[in-house]
Amino acid sequence: AVKIRLALTVQESTLLTIVVADARARRDGRYIEQIGTYNPCTNPATVNIDLESVDKWIANGAKPTETVGKLLKEAGIME
């Protein structure tokens, strides 16, 4: 199964990346594609998402995690 989830970046501890990964892969391990970033330390939190990639992956059966689902709802991508 393929998941859309958050992963920590190596460069900055506050910046999270939104990635498409195999559900069996480790949180910060190998991923298929990076589709966005999330920075919760800014006020308000900064979210940058490639909408075309999200639509493509969801159409192909990828399931967002609960946290990423909330971010997508706030961005107006999902209901």
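1. A residue counts as buried when its relative accessible area is under 20%. Asn39 has a relative accessible area of 17%, and it is therefore buried in this predicted model. Asn39 belongs to strand E3, which covers residues 33-39.

2. The surroundings of Asn39 can be described in some detail. Apart from neighbours within four places in sequence, Asn39 is in contact with Thr14, Leu15, Ala45 and Thr46. Leu16 stands 23 residues from Asn39 in sequence, yet the two C-alpha atoms are 6.2 Å apart in space. A polar atom of the Asn39 side chain also lies 3.1 Å from the backbone nitrogen of Cys41.

3. The loop between E3 and E4 contains Pro44. The peptide bond that leads from Asn43 to Pro44 is cis, with omega near -5°. A colleague inspecting backbone geometry may also wish to look at Gly61, which comes just after H1 and takes a positive phi of about 105°.

4. On the overall fold, the chain has two helices and five strands, and their order along the sequence is β-β-β-β-α-β-α. The radius of gyration is 12 Å, close to the 12 Å that the globule rule gives for 79 residues, so the chain is as compact as a globular protein of that length. Along the principal axes, the C-alpha atoms fill a box of roughly 35 × 30 × 20 Å.

5. Some totals for the chain follow. Of its 79 residues, 33% count as buried. The chain exposes about 5300 Å², and carbon and sulfur atoms supply 49% of that area. Among contacts between residues at least 6 apart in sequence, 29% join residues at least 24 apart.

6. Which residues of helix H1 are buried? In this helix, residues 51-59, they are Ser53, Val54 and Trp57. Seen down the axis of H1, these buried residues fall within an arc of 100°, so they line one face of the helix.

7. Against which elements do the buried residues of H1 pack? Their partners are strand E1 (2-8), strand E2 (16-22), E3, strand E4 (46-49) and helix H2 (66-74).

8. Ser53, a residue of helix H1, deserves a separate remark. Its relative accessible area is 8%, and Ser53 is buried because this value is under 20%. The side chain of Ser53 makes a polar contact with the side chain of Asp50, at 2.8 Å. Not counting residues up to four places away in sequence, Ser53 touches Glu33 and Ile35.

9. The largest nonpolar core has 14 residues, and those that touch the most other members are Ile4, Leu6, Ile18, Ile35, Trp57 and Val68. E1, E2, E3, H1 and H2 each supply at least two residues of this core.

Conventions. Residues are numbered from 1 along each chain as its sequence is written. This is a predicted model: local features need pLDDT of at least 70, side-chain atom pairs count only at pLDDT 80 or more; totals for chains, interfaces and linings use all residues. Side-chain values use heavy atoms; hydrogens and water are left out. Helices (H or I, at least four residues) and strands (E, at least two) are DSSP runs, numbered from the N terminus. Buried means under 20% relative accessible area, exposed over 50%, partly exposed in between (1.4 Å probe, protein chains only). Contact means heavy atoms within 4.5 Å. A polar contact is a pair of N or O atoms within 3.5 Å; within protein, one must be able to donate a hydrogen and the other to accept it, and residues adjacent in sequence count only if both atoms are side-chain atoms. The arc is that of the directions from the helix axis to the C-beta atoms. The radius of gyration is taken over C-alpha atoms; the globule rule is 2.2 Å times the number of residues to the power 0.38. Accessible areas come from the Shrake-Rupley method with a 1.4 Å probe; for residues, only the protein chains shown count as cover. A nonpolar core is a set of buried Ala, Val, Leu, Ile, Met, Phe, Trp, Tyr and Cys residues joined through side-chain atoms within 4.5 Å.
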